[in-house]
There are 2 protein chains.
Amino acid sequence: MSTQPGPTAPDAAAPDAAALDAADPLAHLRERYVGSETPLVYFDGNSLGRPLRVTAERLTTFVEAEWGGRLIRGWDESWMELPLVVGDEIAAACLGAAPGQTTVGDSTTVLLYKALRAACALRPGRHEVVLCRDDFPTDRYVAASVARELGLTLRWVEVDPAAGVSTEDVAAQLSGDTAVVLLSHVAYRSAWLADAEAITRAAHDVGAVVLWDLSHSVGSVPLALDEWGVDLAVGCTYKYLGGGPGSPAFVYAAQRHHHVLDQPVTGWMGHADPFAMGPDWAPAPGIRRMISGTPPVVGMLALRDTVATIAEVGMTAVRAKSVSLTSYAIELADALLAPLGARVASPRDPARRGGHVTVDHPAMREVVARLWERDVIPDYRDPGGLRVGLAPLSTSFAEVEAGMRAAAEVLASS
Amino acid sequence: MSTQPGPTAPDAAAPDAAALDAADPLAHLRERYVGSETPLVYFDGNSLGRPLRVTAERLTTFVEAEWGGRLIRGWDESWMELPLVVGDEIAAACLGAAPGQTTVGDSTTVLLYKALRAACALRPGRHEVVLCRDDFPTDRYVAASVARELGLTLRWVEVDPAAGVSTEDVAAQLSGDTAVVLLSHVAYRSAWLADAEAITRAAHDVGAVVLWDLSHSVGSVPLALDEWGVDLAVGCTYKYLGGGPGSPAFVYAAQRHHHVLDQPVTGWMGHADPFAMGPDWAPAPGIRRMISGTPPVVGMLALRDTVATIAEVGMTAVRAKSVSLTSYAIELADALLAPLGARVASPRDPARRGGHVTVDHPAMREVVARLWERDVIPDYRDPGGLRVGLAPLSTSFAEVEAGMRAAAEVLASS
């Protein structure tokens, strides 16, 4: 169905999408994605990235040649190393991290639990975890559970969701009793981009460790985990890393912590010698000790294609496109949606903004439902947020324009 | 390369494989599997099942039509329910469990951790977990970790690995302080099949709960979890359930426990209302509270094909074929390997034996390595165990004969 503006659309003096697409050095990547030839507008690549066309073929080849052909031998030949290999691919392309500090597996929630337990174990005798009410629910729920198990207190950074987490707000909660600072690098609702380097430094100043949730920044915002001195980080791979629905997460731990890194889900695959099958668990050297069960090989395949695409063009180019897309979406929101009473709820300073834009209006729940009926697919986030996620590799400026005009049409008729 | 017996092969008076295959009511299933047309002998379907040919097509269709076509809408349309839908499919085909008590996700190790924590929480004030030194390493390592966190004592059932876990051996460790009995239904090395019903009853007699690890029985040995009164169970899906390398695990919890079931990895997907994104975690009703993160949709696809195949023929037929295969393997081991000093280390009573057969000889590590070079693929398990895993849906009697004759040839020349 058409997503072109109808006769009721506001007349915007917005920039020309065609000119922006023509000047986009990453425009050629879009055609590599399944469905990019259709008129569907996809504003949810920050929640579930589109698949690359090569991914279907990769999975078929895997089933027939690797799983079906190599069978159990595949473990010795490559799969045992795959979580570390793919971890290093993510680290090199997206994290600003040297090899040997990142591994893939579990869900983000499970890795967050393991990483937070490991982070708390790095600071025995301290009793507080600092986090933010604006963070993604899983982070808060897992932190509450860990705090209950370990007898810790949660200290909440109070933020105005639109203003985001400032380093000063975090610093105000820090003390000599802070064990861990657990924060989202990019806020899932507002797209506020925290100053990870400054906050990490502030945490270290009081002797605490940091655990960053990179789910909404990895593959969209350049990261420099080693340079920033980050202790631990986890992230999701089905958003900007294109791993497919429910693909496994990743965890980073700085090498300086490896020798004492202690997490409670002590399975055979994190053992120093898994096939000795001995009486007691002994942690593998390095990041492998964060692994618990058998690595999710099938689930890890798709994300490699997206990570390779990011590596091909580099995160600097990805970020530049991302900033252009979100800036354009904000211009269109100001031109088309603001006159209807909507308000941009994401930072206007691109240096403090991740890869999505949220536009608030009390009617947005209903607007999003009606947009879906028109094959315009944004997300909705309470309260009243139209969330426009703009995956840089697969989204065109024409798509942004079509989607924002459709949103304006629907809002105007609400 | 050939796996036919060479001139040095012992001359066995074993039953005729061709006649056994001709009489096998499940023989027609073998051709549905990738690679079944090759001369390769696969004795590791109990560790990584072969893929069905339909699985490659299912994955391609999924990427192009569902993930690529439905995008984020797939969550509302079907994926949110998929862990419970696939859980119920496994329950109906394999577990003897009514719907609503089984869900899929995480690795076996992670689910074991969550299930053991939940099991311990069902019996507060009790301080002992009963388990077995012969069980799979992950089970022992996770139990040790949970015991350390909760201040519990592990009580070990001492067994002769060849004789297996008797109900009396378990009962000897039980007391009014037993919180949980954690045991493998089929032992990973010997294939000893525990009497799950009697052991569950003995545990209940002292007020304890049971947590069964079904990894080596599900899809091979019929289960009746509801009838036996089992409290909790976990299992692996990449063995007899054909889910592919590292496919997600499943957990069963009896409905009577759901209202108080409490596990520590409290993620958004186990929340009563995930998209409310409220301040506090509140458990979903039913088995969903065992879910932590976003369900591994891509990883769950392949196993559905095998579970559907099992449902098509029924576990009674699967078990009959499994018993025939293992009995035939033991006959061949007695005829061909015993004269060379090897010894069957699995139970000879089929009623006490799972779906694989282990044959011990000090030279087996080297024998297995040499068999792999001949495209005969068993597994090796310390100390000195040639493990012959016989997936009932994909293994022919001719394959058993060819593999056991090859093993005899190699052992004879060691």
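Contact means heavy atoms within 4.5 Å. In this predicted model, B:Thr200 is in contact with B:Val210, B:Trp212, B:Trp228, B:Gly229 and B:Val230, leaving aside its neighbours within four places in sequence. Local features need pLDDT of at least 70 and side-chain atom pairs count only at pLDDT 80 or more, whereas totals for chains, interfaces and linings use all residues. Residues are numbered from 1 along each chain as its sequence is written, chains are lettered from A in the order in which they are written, and side-chain values use heavy atoms, with hydrogens and water left out.

B:Thr200 lies in helix H8 (residues 196-205) of chain B; helices (H or I, at least four residues) and strands (E, at least two) are DSSP runs, numbered from the N terminus. With 0% relative accessibility, B:Thr200 counts as buried. Here buried means under 20% relative accessible area, exposed over 50%, and partly exposed in between (1.4 Å probe, protein chains only). The side chain of B:Thr200 is joined to that of B:Trp212 by a polar contact of 3.0 Å. A polar contact is a pair of N or O atoms within 3.5 Å; within protein, one must be able to donate a hydrogen and the other to accept it, and residues adjacent in sequence count only if both atoms are side-chain atoms.

**The two domains of chain A**

Chain A is divided into domain 1 (17-51 + 314-412) and domain 2 (78-311), with bounds from an automatic or database domain assignment. Domain 1 of chain A gives 33 residues to the contact and domain 2 of chain A gives 27 residues. Their centres, taken over C-alpha atoms, are 28 Å apart. About 2,400 Å² is buried between these domains, and carbon and sulfur atoms give 56% of that area. Buried area is the accessible area (1.4 Å probe) that two parts lose on being put together, summed over both. In domain 1 of chain A, the residues that lose the most area to domain 2 of chain A are A:Met315, A:Arg352 and A:His356, together 26% of what that side buries.

Between the two domains of chain A the count is 1 salt bridge, and 17 residue pairs are in polar contact across the interface (both at pLDDT 80 or more). On the side of domain 1 of chain A that touches domain 2 of chain A, H11(A) provides the largest share, 4 residues.

**Salt bridges**

The structure holds 50 salt bridges over all chains. A salt bridge is a side-chain nitrogen of Lys or Arg within 4 Å of a carboxyl oxygen of Asp or Glu. The table gives several of these pairs.

| Pair | N to O distance |
|---|---|
| A:Arg189 and A:Asp360 | 2.9 Å |
| A:Arg32 and A:Glu312 | 2.8 Å |
| A:Glu409 and A:Arg374 | 3.3 Å |
| B:Arg256 and B:Asp231 | 3.0 Å |

A:Arg32 lies in the loop between helix H1 (17-22) and strand E1 (41-42) of chain A, and A:Glu312 in helix H10 (residues 297-313) of chain A, so the pair ties together parts that are 280 residues apart in sequence. A:Arg32 is partly exposed at 30% relative accessibility, and A:Glu312 is partly exposed at 47%.

A:Glu409 is buried, with a relative accessible area of 9%, and A:Arg374 is buried at 17% relative accessibility. In chain B, B:Asp231 is buried, with a relative accessible area of 2%, whereas B:Arg256 is partly exposed at 44% relative accessibility.

A network of salt bridges links A:Arg117, A:Glu149, B:Arg117 and B:Glu149.
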